[in-house]
Amino acid sequence: MSQPRPRPAASRASRGRRAAAAALACALLPGCVGTSRQTGLNPNGPQAESIFNLWTFYWVTATAVFVAVMAALALALLRARRRGAVDTSEAGEGRARRWVLGATGVTLAILVVSLVASYLTGRAYAITPEAGRPLQISVIGHQWWWEAQYSDSVHSRSLTTANEIHIPVGRTVVLKMTSTDVIHSFWVPNLAGKKDLIPGYGTTMWLRADRAGVYRGQCAEFCGMQHANMSFLVIADPPGEFARWYEGQLADAMPPADTSASTGKNVFMNHGCVLCHTIRGTDAGSRVGPDLTHVASRRTLAAATIPNNRGWLGGWVMDPQGIKPGTRMPPNDMRADELQALLTYLQSLR
Ligand code: CUA
């Protein structure tokens, strides 16, 4: 089956233009953090590209209009100063009328062109490309994390993960979205615009990554105390790498390889962990919190809030409220040796 071919990487000139636009916007927009990779000014797929093009058109037009109006104002002030009085002759009135009518016509033309550009962008954005078989992922919003379900017609080939959504480069991805609690909004600006996740209601959007990379996303609808820490990563892999990742995620959790991991598994099963989390291949099957079957394969924890390493993982297990106040995960009370064994077990779940 033919897949839509990824677009060739942007030319050096167009990349230069984008970098310049990003730098300029960062200089002009308050609160813009230059180090973040998360930006709509570096589009890496058709959806983000159409939004970027519309934004560029509006920005250039608005700047040109501003400059023209300021120049006309300065000219008028200078001329009035030179002449000393307003020209009230019939010829002067006629000239002024022609200028006002001309400027009104130009304004109307700009508004109509802007309207058409916005409509065309919206239409292109909404229509899912027909070519190829799109990958379907269900995204479910929770306070304050993201559940991702990859469904396959063969049930045993479906899988669930959290907060890090892998997609294959060059393939259309259709996201079917809903929420279990309040309204959230899925926004990964390098790839696409925002879409709300609404409790009891399904919304759909599509996106495609034309270049491999890790794209940070963020909940874009205020959803409570930890809205700001409801982030996620979209990881666009080359198709072969995506297939390997998928097969790895399909497998049940690795059984404990040594006595420490084995003790850690017992700690998991005998403490609060088991009440909320699933580890496929074990007795832990609760769906309240993220699926941890392959938690060690993820780059981040707590919805892309902290790095996934032993130190942060330990801190998160013992005192999640200290890291993310208000999170649904309760603090845990266990001995130091139990914690170390639990961390060894969780870190073995690759
Ligand atoms: Cu979820 Cu803001």
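**Figure 1. Alanine 251 in the loop between helix 4 and helix 5.** At 37% relative accessibility, alanine 251 counts as partly exposed in this predicted model. The loop that holds alanine 251 runs between helix 4 (239-250) and helix 5 (259-270). Which residues does alanine 251 touch, not counting residues up to four places away in sequence? They are Arg280, Thr293 and His294.

Figure 2. The protein chain has nine helices and 12 strands. Of its 350 residues, 41% are buried. If you take the contacts between residues at least 6 apart in sequence, 64% join residues at least 24 apart.

**Figure 3. Helix 2 packed with helix 3.** Two packed helices are described by the angle between their axes and the distance between the axes. For helix 2 (residues 46-83) and helix 3 (residues 90-126), the angle is about 170° and the axes are 9 Å apart. Angles over 145 degrees count as roughly antiparallel, so helix 2 is roughly antiparallel to helix 3. On the helix 2 side, the contact uses Gln47, Ser50, Ile51, Leu54, Phe57, Tyr58, Thr61 and Val65. Helix 3 meets them with Ile110, Val113, Ser114, Ala117, Ser118, Thr121, Ala124 and Tyr125. Sorted by class, the contact of helix 2 with helix 3 has 10 nonpolar and six polar residues, and no charged ones.

**Figure 4. Helix 5 crossing helix 9.** The axes of helix 5 and helix 9 (residues 336-347) come within 7 Å and cross at roughly 105°. Helix 5 and helix 9 are therefore roughly perpendicular to each other. Helix 5 brings Ser260, Ala261, Thr263, Gly264, Lys265, Val267 and Phe268 to the contact, while helix 9 brings Glu338, Ala341, Leu342, Thr344, Tyr345 and Leu346. How do the residues of the contact of helix 5 with helix 9 divide into nonpolar, polar and charged? There are seven nonpolar, four polar and two charged.

Figure 5. Threonine 282 sits in the loop between helix 6 (273-276) and strand 11 (300-301). With a relative accessible area of 19%, threonine 282 is buried, because the cut-off for that class is under 20%. The side chain of threonine 282 reaches the backbone oxygen of isoleucine 279 at 2.7 Å. A polar atom of the threonine 282 side chain also lies 3.1 Å from the backbone nitrogen of alanine 284. Beyond its neighbours within four places in sequence, threonine 282 is in contact with Lys265, Met269 and Tyr345.

**Figure 6. Cysteine 273 and cysteine 276, without a disulfide.** A search of the whole structure finds zero disulfides. Cysteine 273 is in no disulfide, and its nearest cysteine sulfur, that of cysteine 276, is 9.0 Å away. Cysteine 276 is in no disulfide either. Are these residues buried or partly exposed? Cysteine 273 counts as buried at 11% relative accessibility, whereas cysteine 276 is partly exposed at 25%.

**Figure 7. Asparagine 163 between strand 3 and strand 4.** Asparagine 163 is found in the loop between strand 3 (159-162) and strand 4 (164-168), and counts as buried at 8% relative accessibility. Its side chain reaches the backbone nitrogen of tryptophan 146 at 2.8 Å. Setting aside residues up to four places away in sequence, asparagine 163 touches Trp145, Trp146, Ser231, Phe232, Leu233 and Ala303.

Figure 8. Glutamine 143 and tryptophan 144 are joined by a cis peptide bond, with omega about -5°. Tryptophan 144 lies in the loop between strand 1 (135-142) and strand 2 (145-150). Alanine 303, in the loop between strand 11 and strand 12 (306-307), has a positive phi near 60° though not a glycine. Alanine 303 is buried, with a relative accessible area of 1%. Alanine 304 is also placed in the loop between strand 11 and strand 12, with a positive phi of about 55°, and is buried at 13%.

Methods. Residues are numbered from 1 along each chain as its sequence is written. This is a predicted model: local features need pLDDT of at least 70, side-chain atom pairs count only at pLDDT 80 or more; totals for chains, interfaces and linings use all residues. Side-chain values use heavy atoms; hydrogens and water are left out. Axes are lines fitted to C-alpha atoms, for helices over the stretch in contact, and angles run from 0 to 180 degrees between N-to-C directions. Helices (H or I, at least four residues) and strands (E, at least two) are DSSP runs, numbered from the N terminus. Angles under 35 degrees count as roughly parallel, over 145 as roughly antiparallel, 65 to 115 as roughly perpendicular and the rest as oblique. Contact means heavy atoms within 4.5 Å. Ala, Val, Leu, Ile, Met, Phe, Trp, Tyr, Cys and Pro count as nonpolar, Asp, Glu, Lys and Arg as charged, and the others, Gly among them, as polar. Buried means under 20% relative accessible area, exposed over 50%, partly exposed in between (1.4 Å probe, protein chains only). A polar contact is a pair of N or O atoms within 3.5 Å; within protein, one must be able to donate a hydrogen and the other to accept it, and residues adjacent in sequence count only if both atoms are side-chain atoms. A disulfide is a pair of cysteine sulfur atoms within 2.5 Å.
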